[in-house]
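Take a look at the chain shown here. Start with the overall fold, then move to the details.

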Amino acid sequence: MLIRPAEARDARAIASFIAMAESEMVPHFTGTTDPEKSLEALEKFVLSPVPNRYSLENNLVVEEDGKAAAAMMVCPADSQPDH
């Protein structure tokens with residue numbers, strides 16, 4: 001097991017983990033109930049150059065056998081931009 005900073009190659013896995021953890025909220029912030037479109041939208045959040053709670057720099061990944069097995073978002077609440 002390796003814990004490391006998230007990389008672009010982890011975006012889809014992180015999107016899947018977010019979808020599992022926040023399942024009831026996903027349609028509200030992706031604008032769709034379609035599972036594949038939701039994952040695509042979440043993946044865009046992860047890869048976005050605009051800082052957000054799901055950004056790569058806010059994620060650590062647990063790697064098992066070369067694949068992301070889990071992810072953890074780590075960012076202070078006051079580091080997010082005001083909307």
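This briefing covers the fold, a hairpin, one proline and the aromatic rings.

The model is predicted. Its protein chain has three helices and three strands. From the N terminus on, these elements run β-α-α-α-β-β.

**Overall shape**
- A compact globule of 83 residues would have a radius of gyration near 12 Å, and the protein chain agrees with this because its value is 13 Å.
- The C-alpha trace spans about 35 × 30 × 20 Å along its principal axes.
- Of the 83 residues, 29% count as buried.
- The accessible surface comes to about 5,500 Å². Carbon and sulfur atoms hold 58% of that surface.
- Take the contacts between residues at least 6 apart in sequence: 53% of them join residues at least 24 apart.

**The hairpin**
- Strand β2 covers residues 59-64, and strand β3 covers residues 67-73.
- The two strands pair in the antiparallel sense, over six bridges.
- Within this pairing, E63 stands opposite A68 in β3.
- Two residues lie between β2 and β3 in the hairpin. In the turn, D65 has a positive phi of about 55 degrees.

**P35**
- P35 is found in helix α3, which covers residues 35-47.
- Is P35 buried or exposed? P35 counts as exposed because its relative accessibility is 60%, and the cut-off for exposed is over 50%.
- P35 and A70 are 35 residues apart in sequence. In space they are 19 Å apart, C-alpha to C-alpha.

**Aromatic rings**
- The structure holds three aromatic pairs.
- F29, F45 and Y54 form one aromatic cluster.

Notes:
Residues numbered from 1 in each chain as written. Predicted model: local features only at pLDDT ≥ 70, side-chain atom pairs only at ≥ 80, totals over all residues. Heavy atoms only, no water. Pairing = 2+ DSSP bridges. Helix = DSSP H or I, 4+ residues; strand = E, 2+ residues; numbered from the N terminus. Buried < 20%, exposed > 50% of the residue type's maximum accessible area, 1.4 Å probe, protein only. Phe/Tyr/Trp six-rings, centres within 6.5 Å; stacked < 30°, edge-to-face > 60°. Rg over C-alpha atoms; globule rule 2.2 N^0.38 Å. Contact = heavy atoms within 4.5 Å. Areas by Shrake-Rupley, 256 points an atom, 1.4 Å probe, with all protein chains shown as cover.
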